Amino acid sequence: MNDPDPASSTDSTSDNATAAETKRRPGSRPLLLSLLVTAGLLFLSRLLMTLPVFGTRVREIGLFRDENLRGILQDIPGLAHSVSFGALGILPYLGICLFIQLAVPIIPPLRELARKGNDRAIQIIIWIGTGMYTFIVARMMWPPHMGMGLPFDFPVFAAVQMVIGVFMLVAIGHAITKWGIGNGIVLLLAAETLAAVPDAGRAFVEMLGGLGPGSAPNAADGPSLFQMLVLFPGAFLLVVGATAAFFSAQRRLSVVYEDGERASEFPVPLWCAGILPLVAAQSWLMFGPALAQFFHRKLNLPLFGTLREHFSMDRPAYHIAFMLLIVLFCVWWSRRLLDHTHVARSLAECGGRIEGVPPGPETALFLKRTMTRLSLSGGVFLMLVCILPLVLNHLGLPFILAQYTGGLAILISVAAFLDFFKQFKAARR
Amino acid sequence: METLFTFWDIEDARLARTLLEAHNILVVLPDEIMVQANWGLIYAMGGIRLQVPADAAERAAEIYDREREPRAADFAPPRCHVCGAEEIEAATLGRSWALALIALLKIPIPYRDGYVCLSCKHTQQGTEKPADHDATASGLGNPYDPPRSTAEPASEDDGSEGSPSS
């Protein structure tokens, strides 16, 4: 995608699908004003999450929550537990964006749009897709008998409101990016993830209260004071700190330029695969046993039955396979996400080369090897973060608390806050 | 800080930062870690922003435009092995499908490094070791092979890593 402003674009960028887009902005805003705008818009987004869909009565909403929506809503972390304008959050938008991101290099018309820099057309496609997808999901949430006797189709009316809610949330996210501090979409995602924190705090206080003098009837089964006040906070802080360190850790390769006067560094991150290996490992371990069960039924082979039994979630084989898959996918993903040939070529095009490595194919090979070695340590770290809640649970910490010492939510939240503070620091300069 | 560019690929953003930092321009990529954490958020986030101090923005844009001009001396003119056309582009064959399958169905498939001829659409797997390129049937070698006159002396396989600083 290239520059909408011809004055600041170049021929070299317009021919490249991944080329830069110049977006010059007016002068910087005061930091305090940006922070206030960010806080205000985040508050507005949370308000949308609680504002009930127009036309529903309290009794009906309660009925839905009990009978129809519970299964859908409660499985999605961070989603508002009520039928509100913003009940679906920004998840439909994220889903469509991911689909388009994956489709652009594969589907020729989209690839051509991206190559020509027509990002406005791609944005329109994303918005239309988000609207349609949200409408379908929202329409399916409302049973046909809702609003019977009304002169219009109430489920459609409610679904349209929820589409507007998603659009408003996404617009708020982009407004934060433009006028506030940090990336608005990421902050909204983090806010949805952190919406579960009050529940965790309440559970923590209740458990702590149960340990007080004169009130510990189940002390033998429940957590000890050590687990509550030392183990849980210690593990939580350790994971947050280690996650921040691993996200920021990079091997900085010295780059020298042909004039011999300039030098710079190209960073190769220690953990560039992010959370994707975790998602992939979880999917495989859900898919594998289901497949084994299918073959066990169809072919009646005892081998598949044994496999299914050993890979159920409470068995050691499941956890060992989970850990190994995380490391494996981490290395695999890292090698694929860094297009080493492209990096080597781009460095050479700018007249640069990695110090001590000949430019061209040997640079590509060097980058590939470096990435593989670094990603191995990233994979081991991700494995430890994912397995820690289970270990703590095994040591006696209730799972409702142990789950906050690892997993996707904490990784996403830490990444969001690292970027937020990076931009905060930059804005103070 | 002022947003100067928006990138759709984290590698391009990092390369641009490397280039601008070589000219002593302070560069911040405020979305870098989140994209690193979840690659699938790039489009939703509106791209990866590259920010520079407002007073250095003009100079940074000018340097970026100037330095991104391809240098013929660094690589031999790339040619297709089949039709000999020079209009070819680097490609990681099957990379898009691999990424799509892993993200949507969580099924990893292998892919190869290579190039695509824009003229005859021929796809050719490219090996990375210069020593292997001479064995190609057409004799044209790998499209990214350094020109013979300026190429570094062929080194041992492991010797190519040199001694870059950490």
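In chain A, helices α8 (154-179) and α9 (184-194) are among the elements that cover the buried residues of helix α2. The model is predicted. Helix α2 of chain A runs over residues 31-50. Its buried positions are T38(A), L41(A), L42(A), S45(A), L48(A) and M49(A). Viewed down the axis of α2(A), these buried residues fall within an arc of 115°, so they line one face of the helix. The face of α2(A) turned away from the buried side carries exposed residues. These are L32(A), L33(A), F43(A) and L47(A).

The length of α2(A) was also checked. The helix has 20 residues, and at 1.5 Å a residue it should span 28 Å. The C-alpha atoms at its ends are 29 Å apart, which agrees with that expectation.

Chain A also contains a β-hairpin, formed by β2(A) and β3(A). Strand β2(A) covers residues 250-257 and is joined to β3(A) by 7 bridges. The two strands run antiparallel. Within this pairing, L253(A) has F266(A) of β3(A) as its bridge partner. The hairpin has 5 residues between the strands. There, G260(A) takes a positive phi near 75°. Strand β3(A) spans residues 263-269. Of its 7 residues, 5 are buried, so β3(A) is largely enclosed by the rest of the structure.

Chain B was examined next. Its secondary structure comes to 5 helices and 5 strands. Along the sequence, these elements follow the pattern β-α-α-β-α-β-α-β-β-α. Chain B has 166 residues, of which 47% count as buried. Contacts in chain B were considered at a sequence separation of 6 or more. Of these, 58% are between residues 24 or more positions apart.

Strand β1(B) comprises residues 2-7. Of its 6 residues, 5 are buried, so β1(B) is largely enclosed by the rest of the structure. Strand β1(B) pairs with β2(B), residues 48-52, through 5 bridges. This pair runs antiparallel. At F7(B), the bridge partner in β2(B) is I48(B).

Note on methods:
Residues numbered from 1 in each chain as written. Chains lettered and ligands numbered in written order. Predicted model: local features only at pLDDT ≥ 70, side-chain atom pairs only at ≥ 80, totals over all residues. Buried ≥ 20, exposed ≤ 12 C-beta atoms within 10 Å, placed from the backbone. Helix = DSSP H or I, 4+ residues; strand = E, 2+ residues; numbered from the N terminus. Pairing = 2+ DSSP bridges. Expected span 1.5 Å × (residues − 1). Arc of directions from axis to C-beta. Contact = placed C-beta atoms within 7 Å.
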